[in-house]
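Biologist: I would like to learn how to read cavities, pockets, helix packing and sheets in a model. Please take me through them one by one.

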Amino acid sequence: MNATPVPPAPASRRAASRAIGSARLVAAAPASGRQLLRWLAVHGLVRLASRRWAASGDPQAMLIADPASRLDPRPVYRRIRAAGPLCRTRVSLITVDHAICQQVLRAEEFRTTSLAGNVPPPMQWLERRTRQLSLHPLQAPSLLVVEPPEHTRYRTLVSSVFTARAVAGLRERVQLTADRLLDELAEPAERGATVELVSRYCAQLPVSVIGDILGVPVDQRSTVLHFGELAAPSLDIGLPLGQFRTVERGLAGFDRWLTGHIDRLRRQPGTDLLSQLIQARSDGQALDELELRATAGLLLAAGFETTVNLLSNGVHLLARQPDQLAVLRAEPGHWPNAVDEILRLESPVQLTARVARQAIMLADQQVQQGETVVLVLAGANRDPAVFADPDRFDVTRANAARHLSFSGGRHFCLGAALARAEGEIGLRSLFQRYPGLALAGAPVSRPTRVLRGWQQLPVRLADPAAPR
């Protein structure tokens, strides 16, 4: 789930030098000034350079800065594929090749990249000195960016409470939550009213489930959703200043809330998994305070952010292609495979990135130590060498589960089994209860580039079927 930091254009290096001169006053600068300098280091110069390069057709710059590519990145993915298995851009290497993505995700010769991790050293210097104290999903000790041995220790502790058996036991809870939310939609359905399904169902189901798992009180879950919406673009690079400030505010608010939540569970532990994680030890070692906040925060945010996208993408696909919905109604056993096909065709996480630890040959190209390789998971999921007729939505596709939407290797998504269960139960229950569901008006896409889904999805549910 890494964003793809990129260096500023060479022509902008003089501006970077001037910014560094100004940064010598960082310690005395007001908070707003430090925030402005941080935006310049992490996003501002990247945004300036990428807008110019995007205009000249550079594919990675288009993914960062081109408005049309945010709405529909598929033409850029096709351009990358046409350039070969590994395409060199102005700022990195990039690929939509399934085999290469899979190889890099599993290779020890590559490591994850962090926020501003591969911008020029002056910008890294500036970012470190203006960094806010709040956690960021692309800064250590987040599981997304640390590598062994730290990553192994964190993941071992989390896995000790987030077991396959524990997840399997959650299916009944997911079903009960889905049924309750669908009951609440009965009244507007009977009136024939338009329902905004993301806020009423697609977001509520995963936040309720992960809230139960991590001991979040019911009356605080709307707060968690709010902070998640504010912070979702934190995985993107090249943010405009206003959006960057909103993200920083969301991350800071979420961090304050999470600190208080962990303190409450430490004083009054429950049976939830976060209470268990607070107490968990591996070889006598527990997570320290910063590691615990980073891990709990990532589990909570990742536990609903990407699943909201999975559910909204699934509703949109199935509502637009009733022939595939008819297959599922005739043969409900295809629902688990349908979820994988939705994940393949509309990946909730579009791309990630890795950095070469050493010089290595990849797809007959020399990758130098320190070079970034951007892995477009959504493009790899449409690789015609792996998926026949890859742009076709087919809930019976035999190899749909070969998608890379959960990443791979040591950073494979810990919550993959839970996400699949929520997708299957959530979508099946929705279409069983409201078989007349139809889109009603234009949906609104999320204003993010790494995460892809719908922010608003207006539907009419028609008369509900009897609950099953």
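Modeller: Let's start with the second largest cavity, whose lining splits into 4 nonpolar, 2 polar and 4 charged residues. (Ala, Val, Leu, Ile, Met, Phe, Trp, Tyr, Cys and Pro count as nonpolar, Asp, Glu, Lys and Arg as charged, and the others, Gly among them, as polar.) This is a predicted model, where local features need pLDDT of at least 70, side-chain atom pairs count only at pLDDT 80 or more, and totals for chains, interfaces and linings use all residues. Residues are numbered from 1 along each chain as its sequence is written, and side-chain values use heavy atoms, with hydrogens and water left out.

Biologist: What volume does the largest pocket have, and which residues are closest to its centre?

Modeller: Its volume is about 620 Å³. Of 37 lining residues, Leu 71, Asp 72, Pro 73, Glu 346 and Arg 452 are the closest to the centre. Helix 17 gives the largest share of this lining, 4 residues, and by class the lining has 16 nonpolar, 10 polar and 11 charged residues. The second largest pocket has about 480 Å³; among its 33 lining residues, Leu 135, His 136, Pro 137, Leu 251 and Phe 254 are the closest to its centre.

Biologist: At what angle do the axes of helix 15 and helix 17 cross?

Modeller: Two packed helices are described by the angle between their axes and the distance between the axes. (Axes are lines fitted to C-alpha atoms, for helices over the stretch in contact, and angles run from 0 to 180 degrees between N-to-C directions.) Helix 15 (241-267) and helix 17 (289-320) have axes that come within 10 Å and cross at roughly 110°, which makes helix 15 roughly perpendicular to helix 17. (Angles of 65 to 115 degrees count as roughly perpendicular, under 35 as roughly parallel, over 145 as roughly antiparallel and the rest as oblique.) Among the residues that meet are Phe 254 and Trp 257 of helix 15 and Leu 292 and Ala 296 of helix 17. This contact comprises 7 nonpolar, 2 polar and 4 charged residues.

Biologist: And how does helix 17 pack with helix 19?

Modeller: Helix 19 (335-345) packs with helix 17 at about 100°, the axes 10 Å apart, so these two are also roughly perpendicular. Their contact has 8 nonpolar, 2 polar and no charged residues.

Biologist: Last topic: what is the strand order in the open sheet of 3 strands?

Modeller: Strands of a sheet pair through backbone hydrogen bonds, either parallel or antiparallel. In this sheet the order is 4-12-9, with antiparallel pairing. Strand 4 (194-196) and strand 9 (438-439) are the edges, each pairing on one side only. Strand 9 is joined to strand 12 (458-460) by 2 bridges (DSSP must find at least two for a pair), and Leu 439 stands opposite Val 459.

Terms used: Contact means heavy atoms within 4.5 Å. On a 1 Å grid over the protein atoms alone, a cavity is a set of points where a 1.4 Å probe fits but cannot get out, and a pocket is an open set with protein on both sides within 12 Å along at least five of seven lines; lining residues have an atom within 4 Å of a point. Grid points are joined across faces, edges and corners, and a volume is the space filled by probe spheres set on the points.
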